[in-house]
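The notes follow in the order of looking.

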Amino acid sequence: MTSDLVALISELKKQEAIQLTERRLTAGEDPLKILDDARRAMQIVGRRFSDGTYFIPDLVYSGKILGEIAAMVKPGLPQTPQARKRAKIVIGTVAGDLHDIGKDLVTFMLDINGFEVFDLGIDVQPQSFVAKIKEVRPEIVGMSGFLTSVYQAMKDTVDAIDQAGLRDTVKIMIGGGVMDDEVKRYSGADAYGADAMAAVDLAQKWTGVHDDG
Ligand code: B12
């Protein structure tokens, strides 16, 4: 049954995937197993995109399927120690960039790992990051970007946080297609993460919250 869900999601069969998720939840299966299948299916979708089997609309559609399955599964997730602690993370795709599929995956993974995530969306101006940091006082800020043209926006955002006197209050991670450790150094962020699990690992390390409690 497990591999069926992986196949259905990765073949973009939304209705069947949702029905199977429903059946598995009703049968009392561990929601985390369902999420793990969804994650594995998304890896297959990513590979199919890279090898030219899938195209952008497929990628966007797979994100929608993931979102629906996540919404169905979430209420049944166990209250883990980190869920009780709820460290806060403000995240957004930086100014000038409209890519949100990767950011949404990161947001989703942080959320199900117990962090309280405030997603500012796409094309987020530095001052919007600053305003949200002042409002919710997060421990962590995440910046996503997929274009080389937004390296500067990453740096401008870190600078704006600094100028607002908030730099010492947050750890800043960056990620997204063209980001790497060099952009991290250029922008003044604290870390670069290659994928959603790296974002979770960084957040857990910085807040001292781990799976084993
Ligand atoms: C889908 C897509 C689009 C879609 C976006 C839809 C959407 N809602 O996001 C659309 C069609 C709108 C689009 C538009 C454009 N795009 Co585009 N797009 C892509 C594409 C094909 C896939 C990106 C994606 O979503 N991948 C899926 C995610 C899940 O993969 P992932 O990167 O592995 O995700 C992980 C990491 O990124 C990481 N991560 C992400 N964010 C964060 C944040 C933190 C804090 C951390 C730790 C980790 C992290 O975790 C994710 C999950 O594991 C890429 C090509 C590619 N192969 O990457 C081009 C690409 C990014 N686009 C590109 C370009 C040029 C454009 C346009 C300028 C095209 C144009 N001429 O109009 C516009 C720009 C619009 C804008 N201002 O943003 C270029 C960028 C080139 C460059 N070096 O700058 C690319 C690389 C294509 C190419 N090879 O030329 N695009």
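I began with helix 6 and helix 10, which cross in a right-handed sense (right-handed if the near helix is turned clockwise from the far one by less than a right angle, left-handed if anticlockwise). Helices (H or I, at least four residues) and strands (E, at least two) are DSSP runs, numbered from the N terminus. I worked on a predicted model, where local features need pLDDT of at least 70, side-chain atom pairs count only at pLDDT 80 or more, and totals for chains, interfaces and linings use all residues. Residues are numbered from 1 along each chain as its sequence is written, and side-chain values use heavy atoms, with hydrogens and water left out.

The axes of helix 6 (residues 101–112) and helix 10 (residues 196–207) come within 8 Å and cross at roughly 45°. Axes are lines fitted to C-alpha atoms, for helices over the stretch in contact, and angles run from 0 to 180 degrees between N-to-C directions. Helix 6 and helix 10 are therefore oblique to each other (under 35 degrees is roughly parallel, over 145 roughly antiparallel, 65 to 115 roughly perpendicular, the rest oblique). I listed the contact (heavy atoms within 4.5 Å): Leu 105, Val 106, Met 109 and Leu 110 from helix 6, with Ala 196, Met 197, Ala 199, Val 200 and Ala 203 from helix 10. By class I noted 9 nonpolar, no polar and no charged residues there. Ala, Val, Leu, Ile, Met, Phe, Trp, Tyr, Cys and Pro count as nonpolar, Asp, Glu, Lys and Arg as charged, and the others, Gly among them, as polar.

I then looked up helix 2 (residues 14–26) and helix 3 (residues 31–50), whose axes come within 10 Å and cross at roughly 155°. That makes helix 2 roughly antiparallel to helix 3. Thr 21, Arg 24 and Leu 25 of helix 2 meet Lys 33, Ile 34 and Asp 37 of helix 3. I counted 2 nonpolar, 1 polar and 3 charged residues in this contact.

His 99 (NE2), at 2.3 Å, is the only protein donor of the cobalt atom of the ligand. Donors are N, O and S atoms within 2.8 Å of the metal (3.2 Å for Na, K and Ca); water is not among the atoms, so sites may look incomplete. I placed His 99 in the loop between strand 1 (88–93) and helix 6.

Last, I noted domain 1 (2–76) and domain 2 (81–207), with bounds from an automatic or database domain assignment. Their centres, taken over C-alpha atoms, are 25 Å apart.
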